[in-house]
Amino acid sequence: MFTGIITDVGVITRVETRGDTRVVVATSYETLEIDLGASVACSGVCLTVVDKGPDWLAFDVSGETLTRTAQGQWSEGRRLNLERAMKLGDELGGHIVTGHVDGIAEVTSVQVDGDSKRVAFRVSSDLAPFLASKGSVTVDGVSLTVNDVDDDPDGATTFAVNIIPHTQAVTTLSDLAPGSAVNIEIDVLARYLQRMEHYRAKAR
């Protein structure tokens, strides 16, 4: 489990094609303290540490993960938002994040809003029921509050968030531009509520 509070920005320094795709990520984490088999969220994707060395961690990315995450994310030179798995008793500064990507969103606009940036994303209709104004959403592993939600005539949905200067400084979200693809994880509570409502409707 994670919180969506990013604690490092890593850079993919090497990509190896094996049975799966192995990525080596440069990091400022003290890797001696990270065990093989530990979980790290990489731009919102929960991955397992399979190798490590001073200032780097290696992860195997399955074909399933490649198909369900933002195109180009697992390429050399790509920056990744990193978060280590939370420990019992840690402060829950964001919201509960599982590291399982629910879909891909496309940035439709980036506007200056004071010192912040207001970023709008377009998602497919299957994610629309899980997005609500003032609710939580995870974008490339970052816990954010949804400001507005608009349902488009074609069935897709556009939602907007504000990215404050601190978040811009410590995550990759400062790189976003119209056309950028990002990983989206909906709020786990919204997922369970939707499932409960589905069964309640069937029982009527």
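Tutor: The side chains of Thr157 and Asp151 are joined by a polar contact of 2.9 Å (a pair of N or O atoms within 3.5 Å; within protein, one must be able to donate a hydrogen and the other to accept it, and residues adjacent in sequence count only if both atoms are side-chain atoms). The model is a predicted one, in which local features need pLDDT of at least 70 and side-chain atom pairs count only at pLDDT 80 or more, while totals for chains, interfaces and linings use all residues. Residues are numbered from 1 along each chain as its sequence is written, and side-chain values use heavy atoms, with hydrogens and water left out.

Thr157 is buried, at a relative accessible area of 0% (buried means under 20%, exposed over 50%, partly exposed in between, with a 1.4 Å probe and protein chains only). Not counting residues up to four places away in sequence, Thr157 touches several residues, among them Phe121, Val123, Leu131 and Asp151 (contact means heavy atoms within 4.5 Å).

Thr157 belongs to strand β12, residues 157–163 (strands are DSSP runs of E with at least two residues, numbered from the N terminus). The open sheet has seven strands in the order β10-β9-β13-β7-β8-β12-β11, with antiparallel pairing (two strands pair if DSSP finds at least two bridges between them). Because β10 (142–145) and β11 (148–151) stand at the edges with a single partner strand each, one side of each is left without a neighbour in the sheet.

Val139 has Val142 as its bridge partner, and Thr138 has Ser143. The two strands form a hairpin with two residues between them, and Asp140 in the turn has a positive phi of about 50°.

Key: Helix = DSSP H or I, 4+ residues; strand = E, 2+ residues; numbered from the N terminus.
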